[in-house]
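Biologist: Could you walk me through this one slowly? I'd like to know what the labels rest on.

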Amino acid sequence: MTDCIFCKIISGEIPTKILSETIHSISFLDAFPLAKGHVLVIPKNHYQKIQDMDKDENADLFSLVHAMTSKVDSMTGATLMAIHNGKDAGQEVPHVHVHLVPRSMGDSAGPIHDMFGPASKLSESELDRLFDKLKI
Ligand code: AMP
Ligand code: ZN
């Protein structure tokens, strides 16, 4: 996609610090890191969402996530791994990317639960409805 920042990184139009490259994916340093060592892992082809990806490319992406996680985790000993899968989920760059962010005690970011209000208890019938809707 011509106006996609990450496609421009792939094509070399926007310079970046590429950490590793596989047949279908690359990892690089986030330009505006949430913590020192914030890394992004992306597919070379443009897809907005994980489920849009070809299975081989998806397997390649998560294999690189697996390899990069060891490196990022060695920074502080804990890593937040996140994907904003769609605009309403917080995705600003519409090209699949996995965030790997080193976490540490006292960084004040908190757990994922802090992003939402208090968890609600669902009835058995609501759970059954969701189960029927989501099972594969
Ligand atoms: P998201 O909000 O999940 O779409 O995340 C997009 C990420 O891309 C943010 O963490 C940005 O800091 C990062 N980003 C934006 N432009 C660049 C760039 N030119 N090089 C590296 N990272 C970038
Ligand atoms: Zn793109």
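Modeller: Helices here are DSSP runs of H or I with at least four residues, strands are runs of E with at least two, and both are numbered from the N terminus. Before going on: this is a predicted model, where local features need pLDDT of at least 70, side-chain atom pairs count only at pLDDT 80 or more, and totals for chains, interfaces and linings use all residues. Residues are numbered from 1 along each chain as its sequence is written, chains are lettered from A and ligands numbered from 1 in the order in which they are written, and side-chain values use heavy atoms, with hydrogens and water left out.

Biologist: Why is Cys7 called buried?

Modeller: Buried means under 20% relative accessible area, exposed means over 50%, and partly exposed is in between (1.4 Å probe, protein chains only). Cys7 has 13%, so it counts as buried. Cys4, at 2%, is buried too.

Biologist: And what makes His46 partly exposed?

Modeller: Its relative accessible area is 26%, so His46 goes in the partly exposed class.

Biologist: Which residues does Cys7 touch, leaving out those up to four places away in sequence?

Modeller: Met1, His46 and His95. A contact means heavy atoms within 4.5 Å.

Biologist: How do you know which atoms hold the zinc ion (ligand 2)?

Modeller: Donors are N, O and S atoms within 2.8 Å of the metal (3.2 Å for Na, K and Ca); water is not among the atoms, so sites may look incomplete. Cys4 (SG), Cys7 (SG), His46 (ND1) and His95 (ND1) coordinate the zinc ion at 2.1 to 2.3 Å.

Biologist: What does the pair Cys4 and His46 tie together?

Modeller: Cys4 lies in the segment before α1 (5-11) and His46 in the loop between β3 (39-43) and α2 (55-76), so they link parts 42 residues apart in sequence.

Biologist: Last one: how many helices and strands does the protein chain have?

Modeller: Three helices and five strands, in the order α-β-β-β-α-β-β-α along the sequence. Buried residues make up 29% of the 136 residues.
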